[in-house]
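Please work through each task before reading its solution.

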Amino acid sequence: MLVMWCLVATLSTAQQPVSLQIASGGKSDYAIVLPQNASPSQQRAAEELQRFLQQITDARLPIVTDEPGSLSQVRRAIALGDNRLLRESGVQVDWRALGDEGFSIIPKPPHLFIAGSAKRGTLYGVYSFLEDDLGCRWYSSKVSVIPRKRTLTVKIAPRTEIPAFEYREPYFTDAWDKDWAVRNRVNGTFPRLDESTGGKVSYGPFVHTFYALVPPQQYAKEHPEYYSLVNGKRDTERGQLCLTNPDVLRIATETVKRWIREMPHATIFSVSQNDWTNPCECEGCRRVVEEEGSQSGPVLRFVNALAEEIEKEYPDKLIDTLAYWYTEDPPKYVRPRRNVRVRLAPIGACFAHPFGTCEQNMTQFRNLQAWARITDQLYIWHYTTNFAHYLMPFPNFDELEKSLAIYRDNGVKGVFYQGNYSPGGGGEFNELRAWVLAKLMWNPDRDFWALVDDFLRGYYGKAAPHIRRYIDLMHQPVREGKTEDRDRRAHVHIFDPPSMPYLRPDLLEQAQKIFDSAERAVRDDPDVLARVQHARLWVEYTQLAQRLGKWQVVGEQYTAGQDPETLRLRDIVLEKIRRFGITNVEEWNPVQKFIDRVTATDKQSYPVVTLQNSVLRVDIVPALGGRIVRILPANSKRNILTDAGATPEAPADGGYEEYATSTYRSAGWRDAFSVQASSPTQVLLKAQLPDGLEILRTVSLMGDSAQVVIESTYRNSGTSTLKVSPRAHPEFAYPEGARYTWRSVSGAKGEQTLIEPGDRTLAGTELPDGEVTIEARGLPKVQVSFPREQVERVYLNWDPRFSRANVELFLPERELKPGESVTLRWSLQVR
């Protein structure tokens with residue numbers, strides 16, 4: 001099919017374009033000619049051509065059939081399908097090569113022929129003529145652009161087009177609209193296409209059908225052996241099928257036959273694993289896995305056997321299965337039958353970069369190539385949104401630009417691109433992605449960015465240049481940072497949280513300024529302004545999501561989501577969610593759950609103790625392990641410590657925490673401390689642990705300097721010996737490019753630059769000589785000081801993706817008898 005498309009495209013470009021004047025001054029002497037036996041889709045083609053030509057020129061072309069009496073009255077014709085006028089004109093068409101969906105557009109003055117099948121080919125040819133030759137655009141179900149030219153002359157060269165893929169489905173809510181789908185030549189199962197549009201590639205049950213094939217509620221009680229054996233037990237709730245059990249094959253086959261009888265218009269039926277793991281571990285299934293080297297082995301053997309039985313009665317039906325999650329690796333020996341379609345779903349890939357160009361999608365790329373070597377009937381289930389945050393930027397345009405060509409070049413025959421399919425839609429660039437994908441699914445060689453700009457001009461009007469700047473801005477983190485020996489680009493996955501590095505707060509602030517300009521550009525056009533305001537929601541939602549998970553000091557409380565800026569963003573986001581009819585901000589839950597969460601009035605908070613002098617402010621939360629949550633230099637709003645984010649440990653996360661032993665987050669890290677004494681520059685805290693360990697911690701601001709001293713005394717107040725090895729754990733908020741420096745006890749200089757996540761232990765002769773400094777351009781320098789004779793090792797741990805750089809201090813392990821104590825003292829100086 002690909003070879004034929006390339007061949008005819010090349011041949012057509014060699015012929016000179018022909019000028020045809022379709023209308024002059026709002027009048028036309030052209031007629032639309034249909035075959036006498038025109039199909040419903042060809043009848044629609046004629047009516048759509050008539051409708052849009054009238055909108056363009058004001059001329060209403062008559063629709064006539066090709067019977068001799070009607071043709072004798074026609075001087076100039078736009079002739080559709082295989083009709084008498086085409087044959088009498090001597091125009092040659094390779095109908096077999098065109099298939100069900102291809103078409104040829106052939107000017108032969110004074111006539112224009114749009115030749116295609118009675119199924120969908122003629123209809124698609126008409127839409128191609130309207131779009132590619134006359135300039136019509138159907139960007140979404142609500143936004144279209146139809147040019148106005150009362151005098152219409154078109155230059156057109158002969159061309160033939162055949163789609164690159166037999167199955168094309170951009171899976172977005174708006175793309176299900178019947179008119180949008182057919183006009184943009186997609187043929188998937190979810191659009192509301194019908195006989196008038198030439199039907200579609202219709203699935204029976206669509207996916208994850210194992211329990212529908214052999215329902216546990218019907219068989220599990222008497223036949224648990226039909227279901228997967230997992231850890232020695234048959235799992236009938238979140239398992240799979242036992243694929244080597246012949247009764248399972250028999251029952252599943254009968255179920256598919258019943259589906260075919262009940263859904264005669266469906267062309268393909270899914271026989272696919274449930275949407276979780278737990279494949280069968282029985283002896284028979286294990287043996288197949290060992291033979292085939294993959295869990296896809298038993299699945300494909302089972303599907304092939306079922307497909308063979310189906311073919312005997314229903315040779316025109318196809319069987320579909322998945323290569324997904326635990327079955328993504330192809331088998332060694334078994335090959336899909338001709339009536340089997342394997343849908344490869346690369347769920348774990350990075351979707352920021354084209355496959356094969358990024359370490360985090362190389363496995364998926366190799367799987368694609370491996371499957372392509374064993375079948376030429378491969379389908380793809382691709383992902384193109386963040387399913388945990390539909391409204392959050394998902395910078396995948398560079399990957400979308402290349403992916404369909406990569407799939408086409410690897411022999412893929414069908415593509416399903418899953419986006420936001422919630423009833424209310426409204427996700428980030430849903431309509432743009434659906435429209436551009438529809439064009440590339442037909443022809444992957446089209447210019448991606450030209451299509452994006454086309455959409456932006458038509459959808460956002462005068463704001464288009466600003467929206468394009470926004471797109472480029474949000475793609476910066478996934479584009480920048482790759483060299484020959486290192487790839488430091490940000491990566492994008494389909495369940496990313498708002499804290500990911502590609503959603504940097506500084507970029508979101510820049511995006512807000514871009515949207516200020518975008519809104520000003522269209523302030524006099526209410527409809528377009530609403531679209532721009534909707535697009536701005538994606539930035540506002542992300543900023544809100546970041547702040548909701550960010551614990552902050554508000555007044556004298558440590559809380560999340562209650563500061564004025566968060567409340568302002570919350571009100572904007574909720575108003576837009578209601579105004580634009582958004583029903584889901586994530587895949588699994590209705591939007592009301594999100595609304596309830598952000599409007600809850602019973603949010604937990606913790607009292608804060610504040611120390612302050614003229615140069616520094618230190619905020620401490622005694623109830624969370626005596627945690628220092630914020631250190632602010634005077635006249636600065638930037639915390640030099642990390643903030644608690646949306647982690648399972650929050651709010652006992654980030655900042656400075658301390659442990660009674662060297663084990664990460666051991667005793668003391670979130671135990672409640674009480675305030676024993678305090679002044680504006682010093683506080684004494686106490687915690688009594690159940691095992692008898694007492695912790696006394698003093699945090700002091702030294703006079704009017706920028707030095708903070710932390711001194712913790714661990715005393716055994718119990719009756720049994722205790723082992724302690726105190727560990728200081730400060731997390732400093734320093735980004736990529738920051739640098740640690742120190743001088744070791746041996747006199748050697750040490751240095752470590754933060755480029756990629758990593759760690760380094762300094763001990764023995766590498767132990768710093770009582771001081772480690774961390775600094776970055778534009779930020780204060782922090783000097784960590786400690787008594788070198790007491791500290792056993794220093795542990796540097798950093799992750800520039802999250803602007804985190806630790807300087808951790810370990811004391812040697814000691815046994816404390818009742819009444820004995822050990823003290824950890826260190827300080828930091830902000831310069």
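Axes are lines fitted to C-alpha atoms, for helices over the stretch in contact, and angles run from 0 to 180 degrees between N-to-C directions. Helices (H or I, at least four residues) and strands (E, at least two) are DSSP runs, numbered from the N terminus. The model is predicted: local features need pLDDT of at least 70 and side-chain atom pairs count only at pLDDT 80 or more, while totals for chains, interfaces and linings use all residues. Residues are numbered from 1 along each chain as its sequence is written, and side-chain values use heavy atoms, with hydrogens and water left out.

**Exercise 1.** Determine how H18 and H19 are oriented to each other.

Solution. Step 1: helix H18 (residues 505-521) packs against helix H19 (residues 526-548) at about 160°, and their axes lie 10 Å apart. Step 2: angles over 145 degrees count as roughly antiparallel, and H18 and H19 are therefore roughly antiparallel. Step 3: contact means heavy atoms within 4.5 Å; the residues that make it include Leu508 and Phe515 of H18 and Val532 and Val539 of H19.

**Exercise 2.** State the strand order of the open sheet of three strands.

Solution. Step 1: two strands pair if DSSP finds at least two bridges between them. Step 2: the order is E19-E20-E21, with antiparallel pairing. Step 3: strands E19 (551-554) and E21 (606-607) are the edges, each pairing on one side only. Step 4: strand E20 (residues 557-560) pairs with E21 over two bridges, and Tyr558 has Tyr606 in E21 as its bridge partner.

**Exercise 3.** Is Thr160 buried or exposed?

Solution. Step 1: Thr160 lies in strand E10 (residues 159-161). Step 2: its relative accessible area is 15%. Step 3: buried means under 20% relative accessible area, exposed over 50%, partly exposed in between (1.4 Å probe, protein chains only), so Thr160 is buried.

Terms used: Angles under 35 degrees count as roughly parallel, over 145 as roughly antiparallel, 65 to 115 as roughly perpendicular and the rest as oblique.
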